[in-house]
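Hello,

Please read them with the structure open.

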Amino acid sequence: ESAAQAFFVEEMEGLLYGFQNFLSGWLDVGEQNMPAPLSVALVNVGFALVDPLLQPKLDALRPVAVPSLWNDAFAQRLGLIGADGTHSQPNITTAELYALAHERNITFEQLLNMPERDDWVYPAGVGHRAGPASVCDAFVCRMWKAAGLFAALGDASSLQCTEFTPLDVVQSALLDASYEPPAECRVVGPDGTAFCQVMGDYELFVPGYAQVPAFGGMRERCPSKAPDYAARLSPGVMQSC
């Protein structure tokens, strides 16, 4: 508990929301992550077209500018951002990142599929300091990691919290599978699992609650094809991807 508290105060407090790696928990295996009519080729073109239109507006936001949802992530994968978050080409565009990847014989799909790393530091911007990027589920997982809850892996760095989605946090075997929620928030899913939902007009059932032990490389190669996510929710994939 004290380790997690220190981690929050020293490393996480005051950081921006994880815009820079927002997509990393979703994009693992190319076409198997794309709901129709999306495809890897369409996303490739879409990112390049949207970037010059959207990014100037995000950069101008105050009091906190919002970084690109993909440019810094691609820059990390291409080695343009140092261990302290210093960006060697801070104004590089999506199209220029594509060109650099092409020079290195890295395809767009390969760039998408490269796993995010928890030790990556993202650059500072207007209203925020340099540091790791975390969305909600990655933040929870990082707190678990800082508290030593993945010690059984031997090398906790083999698990990247930034590859998690909210589903992965809820499915984690670190949670108490025998937990009985209070009547005020108790919801029972189709499989008979009881869980606590504190708000919302509709019941949200998450399959596999507290059923998946942690393992190295967890959630780095997961399919997630909408609308039914059949491959992602199959028992074998749930325990291994």
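C241 counts as buried, because its relative accessibility is 8% and the cut-off for buried is under 20%. This is a predicted model, so please read every value here as computed from it.

C241 is joined to C222 by a disulfide, with an S to S distance of 1.9 Å. The torsion about that S-S bond is about 80 degrees, so the link is right-handed. C222 sits in the loop between β2 and α8 (235–238) and C241 in the segment after α8, 19 residues apart. C222 is buried too, with a relative accessible area of 5%.

A search of the whole structure gives three disulfides. Another one joins C141 and C161, at 2.2 Å from S to S. Its torsion is about -65 degrees, so this disulfide is left-handed. C141 belongs to helix α6 (residues 136–146) and C161 to the loop between α6 and α7 (166–171), so the bond ties together parts 20 residues apart in sequence. Both C141 and C161 are buried.

The sulfur atoms of C185 and C196 are 2.0 Å apart and form a disulfide. With -120 degrees about the S-S bond, this link is left-handed. C185 is buried at 10% relative accessibility, whereas C196 is partly exposed at 32%.

Counting bonded cysteines along the chain, the pattern is 1-2, 3-4, 5-6.

What about C136? Its sulfur is 12 Å from the closest cysteine sulfur, that of C141, which is too far for a bond. C136 is partly exposed, at 48% relative accessibility.

Regards

Note on methods: Residues are numbered from 1 along each chain as its sequence is written. This is a predicted model: local features need pLDDT of at least 70, side-chain atom pairs count only at pLDDT 80 or more; totals for chains, interfaces and linings use all residues. Side-chain values use heavy atoms; hydrogens and water are left out. A disulfide is a pair of cysteine sulfur atoms within 2.5 Å. Helices (H or I, at least four residues) and strands (E, at least two) are DSSP runs, numbered from the N terminus. Buried means under 20% relative accessible area, exposed over 50%, partly exposed in between (1.4 Å probe, protein chains only).
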